[in-house]
Amino acid sequence: MIELKHDDPPHKLEQRKNNPNDNGTPENPRKAWSNFYRNNGKQEIHEKLIPLQGDLCVYCENKLDKHGFHIEHILSKTQNPLLTFEYSNLSLSCVSDEKKFKDKEIDDNSISCGHAPLKKTNTYNENLFIKPTEANCNSLFSYEINGKIGSNNNNSEFDKQRVEHTLEVLNLNCYRLIREREEIILQGYEIIKELQGEPELLNHFFELEFEKVNSKYLFPFVNARKEHYSLFKK
Ligand SMILES: [Zn+2]
């Protein structure tokens, strides 16, 4: 999960939030949001959030262009109408178009993140759900070498419950994501093995792995890779 620290809200969003007709708390949040979205409200939000998230999905950390993305309300707008136009409740998450995605994937249980079935239907517990806007949210998760995400060993019983719930709601341990994470973690280990004894090249590898270039991470799953490769960083 990418820890998301919002900066100043985009102009059009702030304007809409302060609309005196409904004071930013629409009666029909879905309809109000889709009107705003269609009237070019999305562009500014994309431009602000892409660099803040380093071009990765806020939940699964895939590259945003891998499956396309949408503007995700971290807490549901239909359950919380006053958060419909609240910048700190917005993030970018895959996928853009579920139908296209389903056609491409053989495994039909692999829709994750903001459009995962439980998240999309708001079948989740807000008190347990871990939000990317929580400080140090990512330290609650542990990235296993087989590609699975688990709970950090130091977590309290309550945090363990929260991790379990969040992983289920976002479907972050679907086969597709496990496979993709495992593949990229192992690839990195291979490279580290090859570069042993070449400290300069190894440092260059870590720079490319962990640092943003033009506000974007070059590779997906940055926190999984950090957890694994940091041990080798001198
Ligand atoms: Zn995602």
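Guide: A residue is buried if 20 or more other C-beta atoms lie within 10 Å of its own, exposed if 12 or fewer, and partly exposed in between, with C-beta atoms placed from the backbone. The structure here is a predicted model, where local features need pLDDT of at least 70, side-chain atom pairs need pLDDT 80 or more, and totals for chains, interfaces and linings use all residues. Residue numbers start from 1 along each chain as its sequence is written.

Visitor: Why is Glu72 called buried?

Guide: Glu72 has 20 C-beta neighbours inside 10 Å, so it counts as buried. The cut-off for buried is 20 or more. Glu72 sits in strand S1, residues 70–73. Strands (DSSP runs of E, at least two residues) and helices (H or I, at least four) are numbered from the N terminus.

Visitor: Which residues does Glu72 contact, beyond its neighbours within four places in sequence?

Guide: Val58, Ser91, Leu92, Ser93 and Gly114. Contact means C-beta atoms, placed from the backbone, within 7 Å. Lys212 lies 140 residues from Glu72 along the chain, and 23 Å separate their C-alpha atoms.

Visitor: What makes the phi of Cys113 worth a remark?

Guide: Its value is near 65 degrees, positive in a residue other than glycine. Most residues other than glycine have a negative phi, and most peptide bonds are trans. Cys113 lies in the loop between H4 and helix H5 (117–120). With 27 other C-beta atoms within 10 Å, Cys113 is buried.

Visitor: Where is Phe221, and what is its phi?

Guide: Phe221 is in the loop between H8 and H9. Its phi is near 55 degrees, again a positive value in a residue other than glycine. Phe221 has 26 other C-beta atoms within 10 Å, so it is buried.

Visitor: How do you know that the bond joining Cys94 and Val95 is cis?

Guide: Omega is about 5 degrees there, and the peptide bond is cis. Val95 belongs to the loop between strand S2 (90–93) and helix H4 (98–104).

Visitor: Why is H8 called roughly antiparallel to H9?

Guide: The axes of helix H8 (residues 199–210) and helix H9 (residues 222–229) cross at roughly 150 degrees and come within 10 Å. That angle makes H8 roughly antiparallel to H9. Angles under 35 degrees are roughly parallel, over 145 roughly antiparallel, 65 to 115 roughly perpendicular, and the rest oblique. They run from 0 to 180 degrees between N-to-C directions, and axes are lines fitted to C-alpha atoms, for helices over the stretch in contact.

Visitor: Which residues make that contact?

Guide: H8 supplies Phe206, Glu209 and Phe210, and H9 supplies Val222, Arg225, Lys226 and Tyr229.

Visitor: How do the two domains divide the chain?

Guide: Domain 1 covers 11–177 and domain 2 covers 179–232, with bounds from an automatic or database assignment. Their centres, taken over C-alpha atoms, are 26 Å apart.

Terms used. Contact = placed C-beta atoms within 7 Å.
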